[in-house]
Amino acid sequence: MAQPVRAVVCDIEGTTSSISFVHRVLFPLAMERLPEYLENNYSNPEVAEQLDILWKKIAPSDAADKKKALLQTLQDYIRKDVKDTTLKWVQGKIWQVAFETGQIKGHIYPEVAGFFRRWISHGVKLFIYSSGSVEAQRLMFGHSEAGDLSPLLSGYFDTTTGMKRETASYEKIAGATGFLPAEMLFLSDIVEELNAATAAGMQTCLLLREGAVVPQGYSGAKAADFGEVDAQFF
């Protein structure tokens, strides 16, 4: 018999929020404003440190213009949705201005905020684990369509913890939060992420948002929304 859930770890895209919001709103915004951001902040020590990390990864031997090569690489990463830590960091900085000035609000599925409140009222802790940077996650929930949800969340994790399809990442999250893996429920729309969390000992549930179908071969728990998650695990 499964242990009672004491902590929930949520993915964002396809779980708490629409994938289309990220791809149709956030990514185009980052693509549009990236050249200006790099031009204005290239010499900023914090930005330079992040760009240096990326440069050491790509280091094209024929690059005559380092700034141009970095810009082109980041733009290519946005097009391909590459899970690169430097890209996620830079995107977070660009999105910060748009969120904080009210140009955009983070999409949240209608029932999410209510179940977040319901779960914490029963003593459950809530965490976010996304490939987007922690800063971007804070912006998403702090400036959401449902208002400021950040007081409901106990912590955020991104790819600096580890990649989402690696079991070790979920072991680190459990260790960082102080819960046993078996006491934690991970919610995601990606089977490979659920498999990694399961291997770490967590309980898991597949979210099937917006008419998504169960992938072939998947036999674990599944839910169309947080109401169905609640009915199965709480």
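**Ground rules.** I number residues from 1 along each chain as its sequence is written, and my side-chain values use heavy atoms, leaving out hydrogens and water. Since I'm on a predicted model, local features need pLDDT of at least 70 and side-chain atom pairs count only at pLDDT 80 or more, while totals for chains, interfaces and linings use all residues.

**Sheet.** I looked up the strand order first. Six strands make an open sheet, β3-β2-β1-β4-β5-β6, with parallel pairing. Strands here are DSSP runs of E with at least two residues, helices are H or I runs of at least four, and both are numbered from the N terminus. Two strands pair if DSSP finds at least two bridges between them. At the edges I find β3 (155–157) and β6 (222–223), each pairing on one side only. I then checked β4 (residues 184–188) against β5 (residues 203–207): they run parallel and four bridges join them. Leu187 has Cys205 in β5 as its bridge partner.

**Cores.** Which residues touch the most other members of the largest nonpolar core? I get Trp95, Phe116, Trp119, Leu187, Phe226 and Val229, in a core of 57 residues. (A nonpolar core is a set of buried Ala, Val, Leu, Ile, Met, Phe, Trp, Tyr and Cys residues joined through side-chain atoms within 4.5 Å; buried is under 20% relative accessible area, exposed over 50%, partly exposed in between, with a 1.4 Å probe and protein chains only.) Helix α1 (residues 19–41) gives the largest share of this core, nine residues. Apart from it I noted another core, of 20 residues, including Val9, Phe127, Phe186 and Ala200.

I followed up Trp119. Skipping neighbours within four places in sequence, its contacts (heavy atoms within 4.5 Å) include Leu187, Phe226, Val229 and Asp230.

**Gln137.** This one sits in helix α6 (residues 134–142). Is Gln137 buried or exposed? It counts as buried, because its relative accessibility is 1%. Beyond four places in sequence, Gln137 touches Ile12, Tyr129, Tyr156 and Asp158, among others.

**Cavity.** I ran a 1 Å grid over the protein atoms alone; a cavity is a set of points where a 1.4 Å probe fits but cannot get out, and lining residues have an atom within 4 Å of a point. Points are joined across faces, edges and corners, and volume is the space filled by probe spheres set on them. I count one cavity of 30 Å³ or more. The largest cavity has a volume of about 170 Å³. Its lining has 16 residues, with Val22, Leu26, Trp95, Ser130 and Gly132 nearest the centre. The largest share of that lining, four residues, comes from α4.

Definitions and conventions
On a 1 Å grid over the protein atoms alone, a cavity is a set of points where a 1.4 Å probe fits but cannot get out, and a pocket is an open set with protein on both sides within 12 Å along at least five of seven lines; lining residues have an atom within 4 Å of a point.
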